[in-house]
Amino acid sequence: MPGANRALADAVRDATDAARQTLSGVDVPGSIRDNMALFLRLVRKVLEEYDPELRSIFDVLLADAIRANADERDTSDELAAFQDLERIIDGLSEERATLLMRAFVAYFHLANICEENYRVGSLRSRERAIPTTADEDPINDITVAYRQLVDECGRGKAIALLRRLEFRPVFTAHPTEARRKAVEGKIRRIAGLLEERDQLGGIALAENERKLLQEIDALFRTSPIAHKKPTPVEEADTIIDIFDNTLFEMVPEVYRRFDDWELGDKAGTVPPVCPAFFHPGSWIGSDRDGNPNVTARVSRQVAEKFRSHVLEALAEATRVTGRNLTLDATSTPPSDQLVNLWNHQREMSEAITLRAMGISQSELHRACMLVIAERLEATVRRTADIMYRSAEDYIADLRVVQLSLAKSGAVRTAYGPLQKLIWQAETFGFHLVEMEFRQHSVVHTRALEDIREHGRWGENGELQPMTREVLDTFRAIGQIQRKNGVDAARRYIISFTKSAQNVADVYELAHLAFAHEADVPTLDVIPLFEQIEDLENAVTTLDAMIRLPEVQRRLSESGRRLEVMLGYSDSSKDAGPTSATLVLHAAQAAIAQWAEENNIDLVLMHGRGGAVGRGGGPANRAVLSQPKGSVNCRFKLTEQGEVIFARYGDPTLARRHVESVAGATLLQSAPSIEWVNTESTAKYAELASALDSASREHYLELLHTEGFAEWFSTVTPLTEVGLMPIGSRPAKRGLGAKSLDDLRTIPWIFSWSQARINLAAWYGLGTACERLGDLDRLREAYAEWPLFTTFVDNIEMSLSKTDDRIARLYLALGDRDDLAQKVLDEMALTRRWVLAIVGDEWPLEHRRVLGPVIRMRLPFVNVLSVTQALALRKLRTEGETLTPEERERFLYLILCTVSGVAAGLQNTG
């Protein structure tokens, strides 16, 4: 035994020395390297304290993985290191493998913290270097876009476009967030401790490290897999957590930062320039398409959770602001309007006003604000006599106080803290997020058939449970609107919209749900076009839709505003990523032209995910590549899975994301941007057509190969991903299909990314480029056509996270060498063409930070991926001989690796 221990120690020393030398050659920013080294040291210390031998195996695995990934060429040393890695993992007991994987999962969360810490520090450093006298803040994309609009269109047009600006992220509960909520709190605390370190020394620094070790030890000992799937009501905590930690304070800061640059010294002393353009939405608790756990009762509960939470936040903010309004009547005399407001408050509740005046004698502004805060608390409790009926009534009272302060000369208070409150109320209302309901068109069709057969109230026989649920959904919408306001729940999205009849069905069902016409809620019914055929026929459907009486009525009430949703997921699964990208772009252009011809104020909603196969990638670049007239200063998209925490988890990064997307949304209306998009799309139309047809043919040939669906579920962790307790939503829609048609696109893409193949992001492009055979033309398109640039860059990012050695381990799980070879050949071909088009030797070589950072983290991911593949092989080949307990333990090991790979690769779902 001592000899074995010495051998292990020698292996650790030799491997780690080689790995350290290899890793030092990766050119990443110094702070990332230093912090990753710090966390690696602390993880190893935690493991040493837990089990010294476990720490030694961790070192060997990591060192082999680093040596196996030394460069882009598969040298004999790299192949030997990869084989060592595979051999060691295969020889581990299931218990030890699970503990090691938990350590690697923990390290990935720490690596993500390092990168976020670098991005935050980099943004702050760049901001410090910018003089406040500059015309624009190059860090703030809204100021850059606005300045360009002023230069190209004149100030009047620029102001008009700014006033139209809307950014509408819609948070969804799609099951791609593989991180436990219990883990997020630890991540935030560790991030805070890391940020403190630069300011500390001596015993304070030692105490900081002790706390880091405490949190990392707890992170390692916390199961990365939740014990049960969250309910839709629990999923709402995702939004509440982001609201509390980021949105409520960050959003008004975004507005203020624009005013600071635009107004200069006058900022905070005059009415603001920046409108409240951020309007969050949510599908959590309201998206019932294929999710039987979302019921009308659940929607009511979630809406009430949102309502009470935002009201409590506004009440506390109002109270804090009010307490600081210690401006007396001598220095700041109240206006007549404020005195009228006070008298109205006294008539409403003598007890509350006496209490307020007891605290604020001769300070009427303060007294009025304290009463306003009390009224908000009464609104939470729904105390009829004194509650606010709407957010607009609350904002109106704030404006009375604001204008009184401004009139008496206290402009800094009026347009400082009072304006912040108004911005918060305008952004979040009394609903926090605007809930959007969604259901499949087939469900509506079946419900109407059921009602026609059995009667509206079931007088001719009992209605089906789904029919009753559909009707109750509209009643829930009505109740939510009465309590939270119409904007809280007026959007109803129809999945798989095929015709205008699908829209008519929704309006008919809404009327059938109520005995009295006055109770029918206000509805904006949104068609969702997601399959290729439906996207190509979208204009025909919309033409018929706007002739429906209910739609015409809503158009007249809304200033002819109409929302249309485009689905990136199913179109990509239907025809492949290249065809889906081009068809979606053509559909947007056609819909935008149709809207202009019909005087429609169009809002396009983009159903995007984090993965490239679901329209993922940088949102700001996606906005700038949209066709002319398809944005019009309004951008709406779904924010899903791990993307929510990545984009909105840190206040500084969230602010940067909002400014970046809002700036792009504004800039997209600049004549120069519109001209580039229009001209380049026309110039490369023939190229697009050739790529579309060739890539689609090759992609469909793969999918339609006999036995493909069964093979796919064998060579990827599809079944195991479906077992993860990471969302209330099932992986299948449950409408009766038995093949890939039934599978949701999210697990389709998630499974391929877990297998380190990412097939859904690139398959077909390599063959299309090969058939075209014109590299110069493709390079020219990459340089000149924003859509193609963004598409190719996103594919390169996706390819950077693939690994053909690991892919072979997964593909070997099936017994179809023909399909495996097709996938590997196409991956190699696509990689070769993409690198040639971009001019890189290895994926993301030209990305100064992102490329090296991904290369630095890949060895860690590879350990998890190899472990997952070998565990899957055990289940696939020996599953029938395992006891239920053994099978359960192997499943847990696999799910731990799924969580870690998702954290390591990031945009995976």
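Author: Contact means heavy atoms within 4.5 Å, and helices are DSSP runs (H or I, at least four residues) numbered from the N terminus. This is a predicted model, in which local features need pLDDT of at least 70, side-chain atom pairs count only at pLDDT 80 or more, and totals for chains, interfaces and linings use all residues. Residues are numbered from 1 along each chain as its sequence is written, and side-chain values use heavy atoms, with hydrogens and water left out.

Reader: At what angle do H6 and H28 pack?

Author: Two packed helices are described by the angle between their axes and the distance between the axes. Axes are lines fitted to C-alpha atoms, for helices over the stretch in contact, and angles run from 0 to 180 degrees between N-to-C directions. Helix H6 (residues 141–153) packs on helix H28 (residues 651–667) at about 15°, with the axes 7 Å apart. H6 is therefore roughly parallel to H28 (angles under 35 degrees count as roughly parallel, over 145 as roughly antiparallel, 65 to 115 as roughly perpendicular and the rest as oblique).

Reader: How does the pair H5 and H9 pack?

Author: For helix H5 (residues 94–128) and helix H9 (residues 202–221), the angle is about 130° and the axes lie 8 Å apart. H5 is therefore oblique to H9. Among the residues of H5 that meet H9 is Ala103.

Reader: Is Ala103 buried or exposed?

Author: Buried means under 20% relative accessible area, exposed over 50%, and partly exposed in between (1.4 Å probe, protein chains only). Ala103 counts as buried because its relative accessibility is 1%. Beyond its neighbours within four places in sequence, Ala103 is in contact with Val43, Leu47, Phe58 and Phe220.

Reader: Which residues touch the most other members of the largest nonpolar core?

Author: A nonpolar core is a set of buried Ala, Val, Leu, Ile, Met, Phe, Trp, Tyr and Cys residues joined through side-chain atoms within 4.5 Å. In the largest one, of 146 residues, they are Phe277, Tyr394, Val401, Phe474 and Leu666. Helix H10 (residues 232–263) supplies the largest share of this core, 12 residues.

How values were computed
Helix = DSSP H or I, 4+ residues; strand = E, 2+ residues; numbered from the N terminus.
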